[in-house]
Every structure is written in C-alpha cells, then in structure tokens.
Protein chains: 2
Amino acid sequence: KLKLMHHKHRVEYQQSMYGRYTQELGVYAKEEAARLRESGQRRSVRDRSRTLDLLEYDKGRCAKCRICTVRCQKFLISRVGEDWIFLILLGLLMALVSWVVDFCIAICLQAQKWMYGGLDSNVFLQYLAWVTYPVVLITFSAGFTQILAPQAVGSGIPEMKTILRGVVLKEYLTFKTFVAKVIGLTCALGSGMPLGKEGPFVHIASLCAALLSKFMSLFGGIYENESRNIEMLAAACAVGVGCCFAAPIGGVLFSIEVTSTFFAVRNYWRGFFAATFSAFIFRVLAVWNRDEETITALFKTRFRLDFPFDLQELPAFAVIGIASGFGGALFVYLNRLIVQFMRKQKVINKFLMKKRLLYPALVTLVLSTLTFPPGFGQFMAGKLTQKEALVTLLDNRTWAKQGIAEEFDYIGNAQAWRHPQVNVFVTLVLFIVMKFWMSALAITIPVPSGAFMPVFVIGAAFGRLVGESMAAWFPDGIHTDGTIYPIVPGGYAVVGAAALSGAVTHTVSTAVIVFELTGQISHILPVMIAVILANAVAQSLQPSLYDSIIRIKKLPYLPELGWGHHEKYNIRVEDIMVRDVRYITLNCCYRDLHNVLLTGQLKTLALVESAESMILLGSIERAQLQSLLSQQLGRARRLQYIRERAVEEKKRLSIVSDPASDDNGSQRTSQEVRFQISTEESSFSPTRPVPHKPLKPALKRPSVVERPTELPTSKNCICVHKHTQKTENPKEARIEKFYISGRNDDEDVEDDMTIREIAEWEERQLDEQVNFNNCKIDPAPFQLVERTSLHKTHTIFSLLGLDHAYVTSIGRLIGVVSLKELRKAIEGSVTVKGVKVRPPLASFRDSGTSSSENETTELHKLWDRHKSMSLPRESTPSESEEKSQ
Amino acid sequence: KLKLMHHKHRVEYQQSMYGRYTQELGVYAKEEAARLRESGQRRSVRDRSRTLDLLEYDKGRCAKCRICTVRCQKFLISRVGEDWIFLILLGLLMALVSWVVDFCIAICLQAQKWMYGGLDSNVFLQYLAWVTYPVVLITFSAGFTQILAPQAVGSGIPEMKTILRGVVLKEYLTFKTFVAKVIGLTCALGSGMPLGKEGPFVHIASLCAALLSKFMSLFGGIYENESRNIEMLAAACAVGVGCCFAAPIGGVLFSIEVTSTFFAVRNYWRGFFAATFSAFIFRVLAVWNRDEETITALFKTRFRLDFPFDLQELPAFAVIGIASGFGGALFVYLNRLIVQFMRKQKVINKFLMKKRLLYPALVTLVLSTLTFPPGFGQFMAGKLTQKEALVTLLDNRTWAKQGIAEEFDYIGNAQAWRHPQVNVFVTLVLFIVMKFWMSALAITIPVPSGAFMPVFVIGAAFGRLVGESMAAWFPDGIHTDGTIYPIVPGGYAVVGAAALSGAVTHTVSTAVIVFELTGQISHILPVMIAVILANAVAQSLQPSLYDSIIRIKKLPYLPELGWGHHEKYNIRVEDIMVRDVRYITLNCCYRDLHNVLLTGQLKTLALVESAESMILLGSIERAQLQSLLSQQLGRARRLQYIRERAVEEKKRLSIVSDPASDDNGSQRTSQEVRFQISTEESSFSPTRPVPHKPLKPALKRPSVVERPTELPTSKNCICVHKHTQKTENPKEARIEKFYISGRNDDEDVEDDMTIREIAEWEERQLDEQVNFNNCKIDPAPFQLVERTSLHKTHTIFSLLGLDHAYVTSIGRLIGVVSLKELRKAIEGSVTVKGVKVRPPLASFRDSGTSSSENETTELHKLWDRHKSMSLPRESTPSESEEKSQ
C-alpha cells in the first residue's frame, strides 16, 4: 500500500510538472529538486491532508461527526508541533529512563553485596563472587555495545559537542545506539566500577530528543526544521545532566559550558523548562517509590546554617582549589597517557584487537581485586559503592574530632572508613590515590561511561581530607571571639568535589551542581573561589577531559582560544590562508570542470567571473558539479543526441516533401528536449542525493539514503556503457537502470553508438561550455578580508559554524581559509615572525603529547575523511522551502 | 610639554613618511590613516618605551640600577595588561561602591526614622518630617542628575543592552555619569521610595569598567582592544548584579539573560571571576564592619531542611507562578501606561517641562503621604523600609497559625504587619495592591533607580499571602502519613519573589538570585516551576520591563523572535529588502558621488563594478566619500592647481632655455604632488575624524573628538573660501587653518583665484573620475541571498551585530536590508500574502500600545538619528593594527 502511495505521489508530481513546462526551466528544475528531496518527509503530512479532504467531500451519514473528529485531530496535531509539548515529553522520558537506570543499578549493586555477604564463611569464594560479578557485567556491557552500536562507547559529551558544532556524526543518534547506551550503561555502573552516568546521560538525552523528534514528525512538519532540531539537542543536553543529578540549573549551565561555544539566550528557557520538568519527575518517582518523603536533594547535607564557615578558613578552601586544579590536569593527562600507551604498544594492541573483550575483563579484574574488602579494600573503604562513599564523605560530623586513632562513633556506612590499625587520614589518602588512577583507567574501558561522578567522589574525599586535617589542627574552630564554631569537614568535601570536577571538565557550573546535589548553598563563596582557582590552574595546564577525548578520538573540532592570548590578535587571515584556490570560471568548459574535480579536495568550489578578474560570484558544491558533469556525459544526453541525429536525418530526407512543417517540428523537438533534461534532473536527484547538503541537521532522517558519489570520469562512463551493451550482467544493467529511471519514453531510440563514437562524442561534450542554469549556486559564500584577525576569524567560524571562508580583496578572490588552517594557526604550528604562537604554559602540555606531530598529521587525514560528514552552511532555498508548508 | 610631545610625534611620523615614499601611495595612505587615528592612543606607550631606550643608552653611574628598576616597572606594566588584574580591580571597586552606597542609604533611612520617632508628640510635625525628608532627597537627586548627567536617569540595563548590541551611546560611560549615578542613586534610595539598586548597579559597574579601562590604558596598550572592552563590559554587568545582591552566580546569569542575545561561553569565566570576587569583598566588608559574624547570605532564611515542602503543595506554587506572570505583565503595562499618559497630556507635559523638579517632588509627596505610618501606612506596614519588609516576609514563622485576628507573637519588625482592627491578610493585600502601583509610578521619577527590588518585595508579599492562606487552610500541613509538617509561608514568599521578578524582567535566573539571597536552595523545584510558568505567561503578554523601557526611550534595538513563531520562517529577505539601493560605480565621477551623497541616507554605500553588471565589490562609508569629495574640492588641491599653473607658466617661459631639466622637474613635481595628497589625507584625518569607525568600542577614548561632519557641498566650499579671502574674521581663518594644518610649505603659493574661477574650477573637478585609491573600502560587506529566511537573517544580525546587509544574487547587488526593515518585519508590519505576521497573543499587547503606529514612525526618525551612533562592523585593518604593537 505504501508503494502505491509512493507511486501516486510521483504521478502527482509529474502532472504538476506537465502543467508547468512553460516556466523557465532552470528555475523550475531547482525548485523541483528541492521539492523532491523533501518529498519523502512530507508525504505523511500530505497523505493525511488528502484523507481529510476526501472525508470532507464524502457526504455520508455521520460525515459531520467524522469531520468534527478529524478537525479535533488536526487541532491536536497542530498543538503537538509546539516546543513545550516536545520538551515535556523529552523531560518525562528522560526522567523515566534515569530512574529506571538508577533502579537497575541499585539492584545490581545490591545483588553483588548480597552475594558477597552470603559467602561470609569462605574468603576465596567471597573473592570469586566479588570479582566475577563485575567482570561478567563489564564484559557483557562491552560486548553488547560492541555488537549493537560501537558509537555508544564512552561519555558522549565530546560527540555532542561536535554535533552541536554543526558536524554530522553518522549513527550517533540512532535507536540502536540508544538501546546499546542504556543497557550498556546500566551494566557498567551496576558492576561497581568507578564510572559515572553524567556524560552518557547527555548522550542518551540527545538520542531521546532525536528519536522523539523523528517520532513526532509523523504528526507534524515542524519537526523537519533543522535549526530547531539543533536547539532541541542543546536543550536535551541540559535535560541529560538535569535528570541525572536532579539539578536543573546546574544541568543547563553545565551543558552550555561543555557543549557550546556561543549560546543563544533565546534558547535558554528550553533547557530550563525541560531540565526542571525532568528533574521534577525524576524526584517525584523517588517519592512515589517511597524512597523519599518529599522532593529533596539527591545527596542532602545538613550543615549548620548560621555559621557555615569562618573567614579565616578561606585560605584552606583556596588551597583545595589550587590543588584540585593540578589534580584535575593530572587526571586528564593520566587518562590520555593510558590511552596512548595502549595504542603505542603494538603487541598489546594487536592482541587486544583480536580479543576485544579481554581488556575490559582484565581491567575490571585488577580494579575489583584491589577493592576486595577483606584484602586491600579495607584500607580504602572498598566495600562502599560510589554513592555510599559520597554520602559518608559529605557527612556533617567530624571523623577526627577526638584526635587520631581514637574511637569515634561511626554509624552506618561511615564505619567503612575506620580501620583498627590505620587512622582515617591514611584511609582517605589511600582512597584518593587509588581511586585516582583507577578512575583514569576505568574510563578507558570501552563501555558507555562517564568520568564526572568518580572525579566528584575523589574531589569530595580530598576535601574531606583537608577538612579533617583542619578539624584536627583546630579542634575548637578558628573563630576567636565568643561562640565556638567547630570546623565542618563535610563543607570541605563539598568544596573539594566541586573544585576537582570543575578542574577536570573546565567548567564553573559544577559549583551550581554541587549546591543542587547537596541542597545547601551556604558554602557558596568557598565553592566559587575553589572552582575558579581550580579552573585557572587546570586550564593553563591541560585541555578539559572532553577536549582531550575529542583529540584522542580525532573528532572534527575547532579549539578554543585560550585565556587572554593577545598575541594571537597578531595573526591575520592572510598569514594562514591557502592562496592556491581551486576555482571555476563562469565561462569554463566541461573539461576544466573535470580537471578541477580531479585535482582539488575541498567540498565546495569557488565560482569566479573569469580567471583574469577573479571576481567571486559564489560557490558550488562539488557534488553539484559532479552531477553536472555526469549529466553532460550521461546516457540521457547521448540518447538524446542520437535522437536528434535521427530527427536531423529524417529532416534531411523529408526536406523536399514539406518544408513548412519543418520549423514547427524542430521547435517542438527543442522544447521537448529542454524539458527532457529537466525531467532527468529531477528524477535524478532522489536516487543519487547530493550528500553534502549545507548545514545538515544533526537529527537526520534515515529515509535519505547516503551513498558515496564517485566522480564519473569519462572512462568510467564508457565502461558502464560498454557493459550494458555487450554483456547481460544483471547487476550492471540495474545500475544503468538506476540512472535512466523515469525515462521510459526513451526506449524507442536505439543506442547504437560504438565505443569509439562514444569516446569521440564525450570529447566533444567536454569541450562545450558549462551551463550553470540547473546548478545550485550559493551566491553568498562567507567572505573575509585578508587583514581579518585570527581572533575575529575564530569568532565568526564558531558563531556561524563555518567550514571554510573565502578571502577576498575588493570582490576578487585571493584565498581560502578552512577549519584546518584555522586549527593549525590556533594550535601554534604556524609561525609568525619566527616565533611560535603558544599559550604561556603550553610547554608543560607538550610533554603530555609527545607524539603531537604524528597526531596532527593523523588528525589531518582523519579530518579530511570526517569532513565529508561536516556540513557548514545552510542552503537557504531548501530551508525556506521546507518551512513554506 | 604635552604639545611639544605631540609635535615631536608628528615629526617622527613625517620622517617615516619620507622614508617610505617609494611605496605604493594608495596602500600607504590607507595604513597611514589608520595609524594616525590611533596615534593619540598609542602616544603614551611610545613615549614610555622611548624613555626606556634613552635610559638604556645612558651610561651613567647607577645605570644598571636604573635599568633594573625600569625593567621591573616594565614587567609590572605587562602584568597589568592581564585580564584577571582588571577583573579583580573592578570587583574590588564595585564591592566598595556597593558597600558605601548601602551604608549611606542605611544612614539616610535611619535618619528619617530617627526624625519621625523623635517627633512622637505631634502628628502633624511627624507627618511633615516623614514627607519632607524623601521629597527633599528625591528632588535633590533629580536635580543633581539633571544638571550633571541626564544619562544617569533610570535603570541603565536597557542602555547596557543597547551598548552590548554594538551601538555606541554618547556620554553613557563617562565619569560625570558615574558621579551622577552613584550620588543620585544613594539619595533616591535613601528617601525610602520603592526603588531598587540593581539596574543602576549594572550601569555603575559598566561605568567603572569603562573608566578603569581608560585608566589602565595609561599603563598598557592592551586596553585599546575593542572586542576586549565589550567582553569586559559584559563581565561588568555581572559584577553589578553580583555585588548588589552578593549573588555571583545569579548575577552572571541575570546579566547574560538581560543584556545578551548570543553569549560567548569563552567569556563566561570573566563574569564568574569578577562577580565572585566582588560579592566576596562586599560580604567581607560587612564582616569587617561587625554587621555579620561571617560571610552569609544577604537575606538569610532558616527554613527546615528535612521536609521543605510537600508534593501536594506544588499546585499552590504553580498558582503563584501563573498569577505572578499576569502580575508581571500588568506591571510592565502599567508602567508604560503612566509614561504614555504623562507624555500625551500636553498641558501637564508643558508644565512639567518647565518645572522639571515638580514631578519628582509631587510623586514623592503622594507616595510618602500614603505610607505615613499613623495614616494609611498602618494598614500596609508603611513604616518598614524595603529591606525590613523583605526580611519579615521571608520569616520562617507562620503569622496566621492560630487563625485570623488572634494574638500571635510578632517580634521586632514583624509587628508592623499586625493591626489591631484588621487581620494580616488585609494588610498583605493592601500592601501588595498599593506597592504595585506605587512602584510602577515611582520608577518613572527621573532619578537613577531600578525596579527589581520593589517588584521582588511585592512578589514576596504575594507569596506570603498565598502561604498564609495555605497555612490557615491546612493548619497541620498537607502531608498525610506520619509526622506533621506545617506549611512554611516563608517558602511561598521566596517562590513569589522569584516568580514576580522573573515575570517582570523575563528571566529565569531570578531563581538563582533568590537562592543566593536567602542562602537556601531547598525550594529549588517550586521556585523553578513558578519562575518558568511566570515567564511563560508574561512573555506571551508583554515585553520585558527593560525592552519596554527600550521602546519608551526609543533606543536602537532589534526585537527578539518570540517563542516558536514558526510562521516567521515564511518571510524571506526578498520580501523585506529595499530594492532601491544607493550605489556608486567604480568608474563614476565626483558629480555622481555628490548626487548620491545628497540623496541617500544610509551610513554606507555599496560600490558596484558598473551600473550594468551590478557586481558588488564592497561598501564605502559615507564619511569616506565625503572626505574624498571635500578633498577633491578642497583648498589644498586648488592651491596645488595654482602652483601647477604657475610651474607651467614658468616652464613655458623657460622652455627655450633648458629643455633637458624640464623632464626631471615635472617628474619631481608630480611625485611631490602625489605625495602632497597623501600628506593632506593623513594630516586631515585626526582633525576631522571619520565619525563612523566600524564596530566602535563602547569604551571610547575621550581624546578622539567627535565632530559632526557636514556634507561639504560645493556651495559650502565656496563660501568658506570666499570668507577667508575677503574677510579677516579670525574665527573663519582658524577654521581654514584647521584644514590646512601641517602644510606650512604651501604658504609660498598665493591663492589669487576669483570666486568665478573657483566655481569653474570646481565644476571641472566634479567631472573628473573618482580615484578610490585613498579610500578605505570594506571589501567584504555582509551579504545575504534573497531567499534567506527571516529567522536566519535575525540570527545573523544579532550574532554579528550587523546594521545592514546587502542582498546579492550571484554577485549582483539586488537589495539591502537594514535593521529597520528587519525590525518592521519582526514586529509584523510587513504583510505576507495579505496576512499580518503576528505572535498569537499580540492582540492583547496591542491594546497596550494604542499609539503604536505613531510610535513606529517616531521610532524610525529617532532610529535614523541614532544610527549615526551605531556602528556595525569591525574594520579589520585598524583592529589588527592596534594589536600589532
């Protein structure tokens, strides 16, 4: 039935086409191409409205009733298009997902504890149970993810950052990835490894948004809007963080800091709305499940309100901040080191590539062995889960109140921190040191997992360590006059958690997340001070964890300009631009086109008036030119040529018999011929879609099949034709049919040219002047002046999500700058006046990336490969076309 | 001495000029013009470095010592250039200002109370004291501001929004304004009127940043960077809010929401850093002054932590949100109504214009009479100051616990809410109603004042009212099972405050401000829900208060696209663009230039290749063309013409005597002549600076004198010349000298042309072809395609801060879109297919602006006037030039 519909649809198009053939065909063909590209998407809408029309014409018994129903339906559907419906659905869905995942994780962890507790009698069995459980879960998670959707591995924030930058990453927003990510994450976290759920939840929320958008587009056309989808993805990132921590404000801010370069304040409310709703539902579910009495914070603290901290404690908070800065940088460095080590060791690498699940299993085995509570785990509170550890660390009681090694009343989980022989400071130090490298190692396991929560816990432990030391040092508090206010180590833990996680992610909004997580804001100033100091230190030493992963994964990205590197204002576009621009002229012939396409590599080509004037008229996408060329050399034109030749032959024969009718005939033929071209053009587009549609939506519809377009060189063409003529190979024939679909009326002409004739004909065709009428030209590609500063160029590129920009001087094209050059310039590989442009503390950073040279070249290769996915600018006609419905 | 310096400087330039005259003069003149424009700014730097050089060459006794000192100084100065130094200074300064202002206000309010309390015996005297005090203060404030700097009147946020949009508002960032704003604000708030300090503090912080930037530029050149200054202004706005409420996070978010359209996440840390530091110092000052024991929130609350609210209370919070939304919209509407009423009533208007201080005095008299505590004030807690009222409203005790009209233990200021005859609900309702219109009226008084705080208090009172009602309705709380948790009306007050202030300002971040103000985040979900609902309602009814003031004040602005008005995607640039573009061709003559300049009104003119091809080559600023024209017709050229004539005459005489030296001579002359032009060009620029430098910094140096350039029509030129020739008027002579300064070598030639000769000569000059070599052309003006959607156009305009963009079709200029057209299109005055494009609820908004038609035309007039101040794009040469030092 669907096929019938499709057919009907095409028929409708052809009718409208016949009806319009008097229009100028160039314009018409363009419109038609755009229309056809959307046809698949619009079909459902059209079908529905057609049904409606039919119903209204149908004067049956309960027609009125039916019309009414349909109208109601229509109204509801129109409502569905509104943003807030989408955001509420998204929030609801994510809250449910988050809650279910949390629930499953809790069950998994409980099961492990139960097993471990039940085998109390035999230590060896206990160990086996303690170790096997996480190994199985992690291995399953890794295997499942690997098989279903390898894109689900890891955090997801780096990918979302890249996608929001305007790059389309394939398969990152599919249903498969969603399933793999959710199940993989649940298993990974259920194993009790030091992994987090924040990053994956950003990805899951984006997946949700993308899938929901796809689902909603069944009801209304509004979901086709590309820029809207990007906005929704940004909101989804906020929802991800928001429902993970029940932190709507922190979620919005964190997602903005982590994923965006420029943020439209216009979209601010979307994030707040969706994240608030999501966090609300997430907490309501907890109340409904009788876990909580009412909606409160996730890790509620009960510090005193009247005197949260003394002014004289601020230096200690500042120390936490600075130390966390160094610690954060070290964490990022360590993580990258581990990855690079694993990659470099060829033997290990080779072995691991064969047995992909061995690495996760081995790492898990090592990590869980170390945390085995009767073993080494007893010195590092190994039996606590991440959540339990955090709750005890944020406790408002002081552990070392009565001095070291004395008895103090640990209740509940806090007992894990106490060891008969070793005092609590040693336990804390061991916990911090061990968890530090363990977390850095754990996040390299190829399962869906984040690093935020482990880092957060380590930071809390560090803060608690400093706080306990302070409490031991000043047993009666620092405040001198009047009341005794003892020091609250829990407050230090809060500060430490915010500072370390802020340092690792290079964000300030961890402060807000901390407030929302603990439900107390009384430590706002210490937290802010520590977070800012930690950021200052960490940012000058290392990239953020997410940027580091972007580099490791070699995703296409544009690095940020650092803090106040004013020397970069010195570089101008003329210093970095590529002067050897590939261009085509307005009056070039197809041979030039062919040559340019063979040599260049940029995705779009500049169109200039002439080689002498070099006045830039616009840019044309490579694919457009390829289709122009293949059209010129294609079978359609050849058949037409044969037909023309036949007509001419006939004419020559009948020239004596009826000279009057000749004029008419040729006129009609030429009309037909021009029309023929346009038909082919329009039927051509859907089968070989232009793969580089500008500003491609991140939420791409799967209905558009992406197919790598090859350059149809003349030899290829000949080859194909030869085959179809000589052989009866059904596959080749199908390909041929693919090209000539929709032109059944051509069957009357016989393709009787020999290969030689074809080659000759093609040579002749190549010498013809290019007719750009049917070609989609971007008439206003982005232009820069040669003296534009690097700073401004970077701003414009990030603001508009450009991929490249032409450099012009009074209308004349003199160069081109692409992301590649810009990235090189920012990374300092371009020298100006002999001096390398580098951030002041970059030398330290270098030692971390010893293979930076290698990496850069690799990166460039990958960049070029990835570039085929990245799509810079919006094609305005198609966009406006889409919205005109 | 400064003059000497200046002279020296010029000499240096001329030397370097002589050294470079072999260069191509067109390029050279451009560079020179850019250099001279900055010369004033760079001088200090140059002088200093020269001193340094001198010192290093000086081999005196303690030369080494001196060199060391100088180097230290140099190092220190280079450090001064770093952002964080500036931000710390800014934060420190603003904290001090905020604290001093608060201190003075507190003293003023105390004085009033003391006077009022002292005259306890006589009610009439008491009334006089109660009324006179604010009247005097407000009148003084209004008068002082009026005399010193009328720009200081009002909030300042609308102006900052406009400035951050890229528009330069004159005199808004001067020291005078700073003094007027600080003193005016202190007096205004000291009077006890319902006015706030938030908006003015945003302005004051920006003033501080601008002045500090100016001051710091004495030490280093980095402060000349324009985009940096804009970034610093954005940070300053955050500091303003941050140090006003001791709310760093809320400050940053609020300032972003209120002032920006697109926010660079890159600059995020600046705001956080400065605002945190500022808030910290502000609170430390309070500790230091023994007001507080340690750093805590400004309006600390002590709600219970374990069960802040029940789930079943959420509908009540939602009701507060929705009602606040309507209330906020009503407030904005009421405020605008009052302003429009005052403007329309011609009689009142005329009278008030004469006696400017009468309006403030009258309003104050009325308002203070109504709050007179023994009078009507007793029913509305009239004797409480704003701060006291807020503290009592946020109290965590329930006022109506024992039911209505019963005795309950109000302590301290809370007693003011109790009235023997009337119950507390009536008091609250009266308070809300009275304060509502009183605040809307009070903020129309022309003194520096904001509306945030009054609205905040009203919101808190409304929330308290709902809370008390709930407490009266459910005396034992709503929670059914187990413990009794009574309802906390203080929590409702917090929610109400956030919701109403959020509705009036259209921001979500008031939620964060509320948390930071109260020091408790336990009510996060109710607050977020209420704020979002309030925003949703208010935004669909009215513009925000700041946008409303922008409209009232007719500042140049670009309205936001509303929530999901997808029909706007329908409009394309071709529907709104102006097709009749003023342009000049590359080969036009000066007469064409003259005509175009006389007719057009846009700030820049398009330069096309020819009238036939219409290929856009770039755009030229009007002022550039004017200077080209005046140069062509100026006295310099005329004198040169006379000299040439004389030389020719001489040549003709000496042609027989030495024909060989003739060639040399003419060659030298022509060289000299060309050089002469460039000299004039360069010495010309500083005296008549091009007033429309692209992307003018908001922090403009005062050294650049702005002088309205008039179009030098040929008649004007003749006039001036006539005068200098015929009269000995010293003023005219000075003007003339002004024009020819730096060309003393011309004095040898006698200007002996008659008026008739001059007119003839000018006619001849006008027919010459324009030489664009010395003209600064923007080679890449922003271009759009005719099918660009309105949505995208709006995005691009706000992202890049554009003023206009050319519409091109494959290189050909076909139209121009300026902010004006865009604004019109967004506001819906452009019809597409006969349907007005309007937001769905705009009809309600219309009734508010009944005179919208009038206003629009007025607005356009003003717009054109203002446009002379607005400067859209960065001129890259000058920018990069600036940074090259």
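This is a predicted model: local features need pLDDT of at least 70, side-chain atom pairs count only at pLDDT 80 or more; totals for chains, interfaces and linings use all residues.
Student: How are two packed helices described, and what do α5 and α7 of chain A show?

Tutor: Two packed helices are described by the angle between their axes and the distance between those axes. Here, take α5 (residues 123-148) and α7 (residues 175-190) of chain A: their axes come within 8 Å and cross at roughly 170°. Angles over 145 degrees count as roughly antiparallel, so that is what α5(A) is to α7(A).

Student: Which residues make the contact?

Tutor: From α5(A), they include A:Y133, A:L137, A:F140 and A:F144. On the α7(A) side you'll find A:V179, A:I183 and A:C187, among others. By type, the contact residues split into 11 nonpolar, 4 polar and 1 charged.

Student: Okay, and the surface: which residues make the nonpolar patch?

Tutor: Look for A:F351, A:L358, A:L362 and A:L365, which make a patch of about 320 Å². Helix α14 (residues 358-370) of chain A gives the most, with 3 residues, while A:F351 sits in helix α13 (residues 346-354) of chain A.

Student: How many salt bridges are there over all chains?

Tutor: A search of the whole structure turns up 17.

Notes: Residues are numbered from 1 along each chain as its sequence is written. Chains are lettered from A and ligands numbered from 1 in the order in which they are written. Side-chain values use heavy atoms; hydrogens and water are left out. Axes are lines fitted to C-alpha atoms, for helices over the stretch in contact, and angles run from 0 to 180 degrees between N-to-C directions. Helices (H or I, at least four residues) and strands (E, at least two) are DSSP runs, numbered from the N terminus. Angles under 35 degrees count as roughly parallel, over 145 as roughly antiparallel, 65 to 115 as roughly perpendicular and the rest as oblique. Contact means heavy atoms within 4.5 Å. Ala, Val, Leu, Ile, Met, Phe, Trp, Tyr, Cys and Pro count as nonpolar, Asp, Glu, Lys and Arg as charged, and the others, Gly among them, as polar. Patches are made of residues with over 30% relative accessible area and no salt bridge: like charges are joined within 9 Å, nonpolar side chains (Val, Leu, Ile, Met, Phe, Trp, Tyr) within 5 Å. Accessible areas come from the Shrake-Rupley method with a 1.4 Å probe; for residues, only the protein chains shown count as cover. A salt bridge is a side-chain nitrogen of Lys or Arg within 4 Å of a carboxyl oxygen of Asp or Glu.
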